[in-house]
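Have a look at the model with me before reading on.

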Amino acid sequence: MKLGITAAAGLLLAAALRVAAAPPDALAIARRSDEALKGKTQHARVSMTVRTPDWERTLDMESWYANPDRMFIRITAPAKEAGTATLRIGQNMWNYLPQVERVIKIPPSLMLQPWMGSDFSNDDLVKESSLVTDYTHAIEGEETMGGDRCYRLVATPKPDAPVVWGKLVLWIRVSDDLPRKEEYYGENGDLRKVLTFDDIGPAGHRPYPMRWTMRSIAKPGHETVLVFHAIEFDRPIPDRIFTQQNLKRVF
Amino acid sequence: MSLVTIQHLTKIYSNHVSVRAIDDVSLALERGAFAALAGPSGSGKTTLLNLVGGLDRPDRGTIVIGDAEITAMPAGALADFRLAHVGFIFQAFNLFPVLTVLENLEFVPALQGRPAADRRRRARELLAAVDLAEVGDKRPNELSGGQQQRVAVVRAILTEPEVVLADEPTANLDTANGARLLDLMERLNRERGVTFLFSTHDPQVMARARRLIRLRDGRVEGDEQRTPAGEPARP
Amino acid sequence: MLFLTMAWRNVWRNRRRSALTVSVIALSLTFNILMRGIGDGFHEQMVDNSVRANIGHLQVHRKGYHDDPGLNRTLPDPARVARAIRALPALRGYSLRVLGDGLASTDENSAGIAIVGIDPAQERTVTTISHAVTEGTYLGDDAPRPVLIGERLAATLKARLGDKIVLLVQAADGSMGAQLFHVSGIFRSGAPDLDRGVAYIRRQDAQDLFALGDRVTEAVVLLDASAAVPAAQAALRAALPVEGAGACEVLSWNQVEPFLEQFIVLDDAFFYIIVAILFIVISIGILNTILMSVFERVREFGVMMALGTRPRQVVRLVVLEAAVLAAVGIAVGGTLGSLLTIYFAENGIDLSSFAAGAASIGITTTMVYSRLTVANVVLSNLAVFLLVVLVALYPAVHAARLRPVDAIRHV
C-alpha cells in the first residue's frame, strides 16, 4: 500500500526527465511515479474509513515512512484501538496491541490478511517497493482520467517475483507522474481491487493525492478510504521511531 | 403314400476339389420301411442319412418327410422337427456319460416337455421290453457296447418318431451283439411299425433289410425290395 | 431339471479343474467382500471421527453462512433453534458455538487460527474434544479466560500450560479485538487441522472478544447414528424458517465437509478399479476352464443337437454349468469373506504402517475395523455370479454354433 508516503526526486529533475524522454520509457515512468508518492521520508496524519455493508468505522492514525522499507503507524482514535501500532522493517512486520500490552509478529502466512480490518492487506504495506523491481512495465497508450491526461501503464510480474497479483494496470498523470488509479488483477485475470487517487492538492512544495480509495471487487460494498490531513516530505526522521520500543511507547 | 420323398438331391463337398457326395439322388421311402443304404466307404450313405435327418444341408434338391419339406426349414425349426419326428442311432458314443440309462432315455421326451412321471414310466416300460430293466440306474460306461446300442435304439424310438435313422449301428459290435440289435429293431419295426433307415456295410444288416439301396459315388446303383427272410420281395 | 442334473454332473467330471475354478471364484469373492468390508468400516470410522471431532452430524447457521462465513451472519434466534433441536427424536447432543478467525500470538510466534467459543458442558455432548485433552483441563479451571489449544499449535507458539497467549480478531463491529488468554489445556485429537489450527475458549469469552453480545454463529447437532441424518435434517428444515429474514440453513456433515465424501468416492473408485482388474484376471481363468470343458465334449453337443436340442438350450446348459461353478464358489467365498469381515470387525486390523498417510486425511486411529453390510454381501455375490455367467456366454455360444454333422464326427 502506498500509505502516506512520498519523496520526490524533485520537480525540476522530473520535469527535465520528461522533456528528454520523448517516447515514454515505461520503467522510468513507473519509478518516477513510485517516487512521486513516497519521497525520501514522509510523516502524515491520516484517517482511514472502512465501509462494509454491515458497519462503517474510522480510525485516525499517524504514520512515518523512510525510504526504502521502514514504516511506523500508530492509531490515535477511537479509544478502543488507540495506541495500536504497526512497525515494518523490510519484510518483517509487528503489531502492538495496547489492550493486552503485547507485541505480535505477523507471520508470513498472514500477509494477505486485511490490515486493521481494511481493504489493504498486510502485504500491501510490506511489498511497497515491488512496483519498480518486481514487475516488467509497458505503456499501453494514453487515456483521460478525472480530467487528466494519463499514461496507461501495465505492470506484469517477473517470473520469479514474490507477487500475488497476475497484473497491475496503472493510470499515471502525464504532467507530474502521480498515479490516478491502480487496478489489481488476480492470477486468473479477474479484477480484484481498484485503488483511486483523488483530491490532488498541494502538500508542501508538491502536488499530492490527499484521498485514496481502495474498493474490493470480490466483496461488493467493501471499501477503504484514506484521507491525508497533513503530510510532510523529506524531513529527517530519527531512527528511534522505527523500533519495537517505540511500538510500546505510551503517547 | 411314401413317408420320405427325396428329389434330385445333390450335396457337394468342396475342400480342395469338389466332390459330389450325393449326386442327383431321387428316392421314396414308404412308411414302415426297414431299409438299408449300402455301399463302400465314400459312396455317400452317411451323407444321405445326415441330409434326411436334417443334420446337413443339400446343395440342390428337396427332402419331404411326411408333409414337411425339411430342406426349406431354418435351423431352429429343423431342431424342433428332429425332436418331434426323427430318431437317431449313431455308430458309437451315443449316450450321455453323465446321465444314467433312464435319464438318457428321458432326454428327448424332456426336451419335448413331457411330464417327468410319464417319461420315466415309459422309459422303464421300454427298457423292460428290451430286457434291460436292471440297468436303468447305471451309467452308460457300466454297460457293454451291445447294451449301450440297445439303449440307444430305445431312446430313438421312445417318442415314436416317424423315422429312425441309424448310422452304422452295428459297426462297433461283434456279430452276436449285432444280431441281437437287429432282432430288436426288427421287432420294433414289426410290432410298432417304426420306420428304419440304416447306413451300413455290415452284411448282416444288408441281409436282414427288407429294402436295400446300393449307393456308389453318390448315386443310387441299385434298389431292391426283399422279404424279411432275405428273399426278394414280391413284385 | 434334467439340464441342471447334467450341468451339475458335468461340472464334477473333471474334479480337479472344477475345484480349482471354484477356489478362484471363492477367493476373489472373499477378497472382494473383505476389502469392501474394510473400506466400509474405514469410511464409517472416518466419518465418525470427523463428526465426533468437530463437525457433528448436522449444523445450523444463518442462511448463506456456509458459503461465506462471517460474524455478520450469526444464527437467528438461537433459543428457537435450540428448541427445534431438542425436539429431534434421534438427538444425542447439541452445542451452540461462536466460530471466528483470529491470530494467536505469544512472544515467540504467531499463527492464524480458528477460534471456537463453546459451552464446555454442552460441547461435551457432541464432540470428543474433551477426551483429547492430554495436559491440563478441558476449559475447567477457575482462571479467567482459559484457552484449550492443540499440541501442534502449542508447539508453534512455544506455549505451555499456564502461559499467556493473545488472541487478536476483527470483531463483528469491525473493530480490532484483542484479549489475553491462559493456556488451561492442551489436546491431541489426531486431526491435523484441529491440532494445528483451533483454539477453544468459553463461549462468553468469545462473544466478548468478537463483540457479539449474546449471539452465536452455529448450532452443531450429534445424532444416534448417521442413518438418522436425513430425517433430522428434514425435521429441522421444517421447524425453522428457511426463507426470508432470519432464514436458517441446515447442513449435513457431508455438506459441511464435502472433502470427506469426495475422499470416500475416490477411495471407492480406487477399490473398484482393483476389483475390475481382479475380475479380468479371474475371468480369463474361468473362460479357459469352460472353453476346455466345451472342447472336450464337442461330440456330445453334436448328439444333443441331432436329437433336437435347440442352440439356445445348448447355451443354457453351458451357462448353467458355469452358474453351478459360480454358486459353489459363492457359497464358499461368501461364507469365508463374511466370516473374515466379521472377524476383523471384532478384532480390527492394525494399519500403523500406513498411519503417516492416514493422519493427513483425518484418520485418528491406526486400527481399522471392517464392517459387514448386507449390500456388500449381496452385491459382491451378485457381481461374481454375473461375471462368471457372462464369461460363460462365449464358450456357450461357441458350443451352440457347432454344426451337428461335424460335431458328431469330431474326434
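**Entry 1: chains B and C.** I counted six residue pairs in polar contact between chain B and chain C, both residues at pLDDT 80 or more. A polar contact here is a pair of N or O atoms within 3.5 Å; within protein, one must be able to donate a hydrogen and the other to accept it, and residues adjacent in sequence count only if both atoms are side-chain atoms. On the chain B side that touches chain C, the elements giving two or more residues are α1 (45-52), α2 (75-85) and α3 (101-112) of chain B. I sorted that side of chain B by class and got 17 nonpolar, five polar and seven charged residues. For the classes, Ala, Val, Leu, Ile, Met, Phe, Trp, Tyr, Cys and Pro are nonpolar, Asp, Glu, Lys and Arg are charged, and the others, Gly among them, are polar.

A note on conventions: this is a predicted model, where local features need pLDDT of at least 70, side-chain atom pairs count only at pLDDT 80 or more, and totals for chains, interfaces and linings use all residues. Residues are numbered from 1 along each chain as its sequence is written, chains are lettered from A and ligands numbered from 1 in the order in which they are written, and side-chain values use heavy atoms, with hydrogens and water left out.

I then looked for salt bridges (a side-chain nitrogen of Lys or Arg within 4 Å of a carboxyl oxygen of Asp or Glu). Between chain B and chain C there are three. One of them pairs Asp80(B) with Arg310(C), with the closest N and O atoms 2.8 Å apart.

Contact (heavy atoms within 4.5 Å) involves 29 residues from chain B and 23 residues from chain C. The buried area, meaning accessible area (1.4 Å probe) lost on putting two parts together, summed over both, is about 2200 Å² between chain B and chain C, and carbon and sulfur atoms give 66% of it.

**Entry 2: chains A and C.** Here 16 residues of chain A meet 21 residues of chain C. The area buried between chain A and chain C is about 1600 Å², with 61% from carbon and sulfur atoms. I found one salt bridge across this interface: Arg102(A) with Asp107(C), closest N and O atoms 3.8 Å apart. Strand β6 (residues 102-105) of chain A gives the largest share of the chain A side, three residues. By class, that side of chain A has eight nonpolar, two polar and six charged residues. I also counted eight residue pairs in polar contact between chain A and chain C (both at pLDDT 80 or more).

**Entry 3: chains A and B.** How far apart are the nearest C-alpha atoms of chain A and chain B? They are 68 Å apart, and the two chains do not touch. Of the two pairs of chains that touch, B and C have the most contacts.

**Entry 4: backbone of chain A.** The peptide bond from Ala77(A) to Pro78(A) is cis, with omega near 0°. Pro78(A) sits in the loop between β3 (70-77) and β4 (85-89) of chain A. I also noted Glu101(A), not a glycine, with a positive phi of about 50°.

Key
Helices (H or I, at least four residues) and strands (E, at least two) are DSSP runs, numbered from the N terminus.
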